[in-house]
Amino acid sequence: MNPQVLVVDDDQLIRTMVRDALSDVPCDIHEADSGDAALSIVSREKPPAVVLLDLMMPGKSGLEVLKRISERTRVLVMSALDTEALVQQALKAGAHGFLAKPIHPLDVQNLVRAALEAPGRAGDE
Amino acid sequence: MSETEYWLADSEARVLGPIGLEVIRNLHVRGKLTDVRAVSSDGKKFVPLREVPELLKVLSTPVTANDATRAQIETTAQIRDWLASIHDRPSTEVFKVLPGSSRDTWRAAFFALVFRYVPGRLPPDTTQELRLACEDAFLALSERMVEVERQFRAPASSPPAPPPLPAADPPPSARITHRGQSLSVQLSLRAGDARPFTQDMEHNWQTDALFIHTHERVVPGTQVELVLSFEGHVTQLHAAGRVMAARVGGFTTRLLNLGEAERAVIRTWVARATTRS
């Protein structure tokens, strides 16, 4: 069974780009358009192995979602707000990695592959 | 007392937060916050920006070229401080990986950490100082990863290397030794010299190939064991290769077993040399 990857972004275009970028990666991709939807999916008994998470979304912000899910899954933050200070804050909050927007498909592939191959969290099993 | 944190909402009601005033100021001077319409101090109740004077003051301050440059100077200093802080620390601490972790875990940690320093991903307006700091961070992490990869590859005990045979007419920086049917090449690169990676227009670092200067005759297809030394760096790069084409003055070899970390070292070396030239 393929590992699960969740893409959380309120922008449909970004979700589609990520899905396309991961077309060669053996994983099942799910989408969420808000932080609340992401929390609902990650709180299931079997959370996704990797979550790609936007920082700015309507409703719950990405940082709030990150703090709540980083213990259960491996989170890769995606944002155009890629200043060193905010990157450090995201990493301290439990992010596994940071993808600066505009995203590059190869970056997405490499980071997700690496995150999927790294053992250690509940979502990996 | 902890710093007050805020949530910011833009015209599409997208929310960022909680973040402190310093992070907000840093984002502002980098031109990353141009559409803040409402703010909150608890993430629930949002009010117009004008009702929170301390934020209004920060976000209404005109961003000048000096501000943007200053922000990059601060970022440069942060990266330099971080580089200094990890200098004597073991890679387990730098990558936040437990001793005895698998190669996959190391790779995942490396990728997660190194991405924001990739020289080719930096914005065009990046200052030279910040660019160099990112390259140094990229190189430092890549070197550590090369060392990690080598430890996973290394056999339990290595046979002693045979004494080098005198080369017929080696170029100053390359020592070439015949070892049975293969060649052993030791190449020392001086700082700023990336010619072996860039000289061949068709086969170069972008295709995992490099050019070795020599007057020795070599046969295409010959196996090559290569040791590359980079001036100013303790890490050597060990690679297996195969001669692709022999030409006047040398031969081109393809490196066969490069990992991403080794490629990163080469890429950064070429980038730095290109920057200097």
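In the predicted model, Asp82(A) forms a salt bridge with Lys32(B), and the closest N and O atoms are 2.8 Å apart. A salt bridge here is a side-chain nitrogen of Lys or Arg within 4 Å of a carboxyl oxygen of Asp or Glu. The count between chain A and chain B is one. Seven residue pairs, both at pLDDT 80 or more, are in polar contact between these chains (a pair of N or O atoms within 3.5 Å, one able to donate a hydrogen and the other to accept it; residues adjacent in sequence count only if both atoms are side-chain atoms).

On the side of chain A that touches chain B, β4 (57–58), α3 (62–69), α4 (84–92), β6 (97–100) and α5 (105–117) each supply at least two residues. Helices (H or I, at least four residues) and strands (E, at least two) are DSSP runs, numbered from the N terminus. The largest share, seven residues, comes from α4(A).

In total, 33 residues of chain A are in contact (heavy atoms within 4.5 Å) with 31 residues of chain B. The two chains bury about 2600 Å² between them, 61% of it on carbon and sulfur atoms. Buried area is the accessible area (1.4 Å probe) lost on putting two parts together, summed over both. Met56(A), Thr83(A) and Glu84(A) supply 22% of the area that chain A buries against chain B, more than any other three residues.

β4(A) pairs with β2 (residues 14–20) of chain B in the antiparallel sense, over two bridges. Pairing requires at least two DSSP bridges. Met57(A) stands opposite Val15(B) in β2(B).

Residues are numbered from 1 along each chain as its sequence is written, and chains are lettered from A in the order in which they are written. Local features need pLDDT of at least 70, side-chain atom pairs count only at pLDDT 80 or more, and totals for chains, interfaces and linings use all residues, while side-chain values use heavy atoms, without hydrogens and water.
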